[in-house]
Amino acid sequence: MIKNINEREIEKFSNMSYDWWNPNGKFTALHSINPIRIKFVLDVIFKNYGLNPLRDRSLKKIKILDVGCGGGLISEPMAKLGAQIEGIDADVDSIKIAKEHARKENLKIKYTNENLDMLIADNFRKFDVIFALEVLEHVDYPDDFLSKIASLTEENGLVFVSSINKNIKSLLLAKYLAEYVLNWVPRGTHDWNKFINPSDLEKMMFKNSFELISCKGIIFNPMTLSWKIGKDTSINYITAFKHGSI
């Protein structure tokens, strides 16, 4: 069994987990892109399951797993729409922050300090939707990681993966500019060698019986200092895959 947990990566986030819900803190970039991430995933979920987005608790029949949930930035909006959601993270401090914030918001979310192997061993639980957002670039064996996610996904279920493309542009902008010039994220947060391009991600997902539904860029506009979803996937991107469609 491959151990896909890197202690150094866990320590990075543990040292700043206290700041998860500070929109102007160490996770300000995630707070900035969260609204467009939420819209992207909801558009796909509503369409895939034929749900009415205008209904109260529109996700009440959907079981979601948020892998690498951190403080719960994507879990909480899903819970507010009625989803049955579980969040797991290898960093125990992030889980503590997530639980505390969910209690304050009066949200029912199951947060645990678990890994994928533990979930797989627990009676083979399956989920309708799995999030792996901004996680893939922090694992040592992405192919194994995605294979385990596949084993936890229901037939015709959805998996959302967002990550950073691997090229010279991303090295200059997502690594050096973001970490060392603009200070969007703490220095050393990312390792360019772990970045992955969308075509390689699609190949790995295809091996696990997933069909690519959508791949969009998460694009920063320096003129308006805002983010948007678009066609340019050369730096940050988000994908949606459907299981068992091949």
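**Exercise 1. Which residues touch the most other members of the largest nonpolar core?**

Basis: this is a predicted model, in which local features need pLDDT of at least 70, side-chain atom pairs count only at pLDDT 80 or more, and totals for chains, interfaces and linings use all residues. Residues are numbered from 1 along each chain as its sequence is written, and side-chain values use heavy atoms, with hydrogens and water left out.

Solution.
- Step 1. A nonpolar core is a set of buried Ala, Val, Leu, Ile, Met, Phe, Trp, Tyr and Cys residues joined through side-chain atoms within 4.5 Å. Buried means under 20% relative accessible area, exposed over 50%, and partly exposed in between (1.4 Å probe, protein chains only).
- Step 2. The largest core has 39 residues, and V41, L59, I64, M78, V129, F131 and F160 touch the most other members.
- Step 3. At least two residues each come from α2 (28–49), α3 (75–80), α4 (92–104), β4 (127–133), β5 (153–164) and β8 (236–243). Helices (H or I, at least four residues) and strands (E, at least two) are DSSP runs, numbered from the N terminus.
- Step 4. α2 gives the largest share, ten residues.
- Step 5. A second, separate core has 26 residues, including L116, F127, I149 and I196.

**Exercise 2. List the contacts of F160, leaving aside neighbours within four places in sequence.**

Solution.
- Step 1. Contact means heavy atoms within 4.5 Å.
- Step 2. The partners of F160 are F40, V41, V44, I45, V129, I130, F131, A132, L133, T239 and A240.

**Exercise 3. Describe how α6 and α8 cross.**

Solution.
- Step 1. Axes are lines fitted to C-alpha atoms, for helices over the stretch in contact, and angles run from 0 to 180 degrees between N-to-C directions.
- Step 2. The axes of α6 (residues 142–151) and α8 (residues 198–207) come within 9 Å and cross at roughly 45°.
- Step 3. α6 is therefore oblique to α8. Angles under 35 degrees count as roughly parallel, over 145 as roughly antiparallel, 65 to 115 as roughly perpendicular and the rest as oblique.
- Step 4. P142, D143 and L146 of α6 meet L201, M204, M205 and K207 of α8.
- Step 5. By class, this contact has five nonpolar, no polar and two charged residues. Ala, Val, Leu, Ile, Met, Phe, Trp, Tyr, Cys and Pro count as nonpolar, Asp, Glu, Lys and Arg as charged, and the others, Gly among them, as polar.

**Exercise 4. Is F220 buried or partly exposed?**

Solution.
- Step 1. F220 lies in strand β6 (residues 210–221).
- Step 2. Its relative accessible area is 25%, so F220 is partly exposed.
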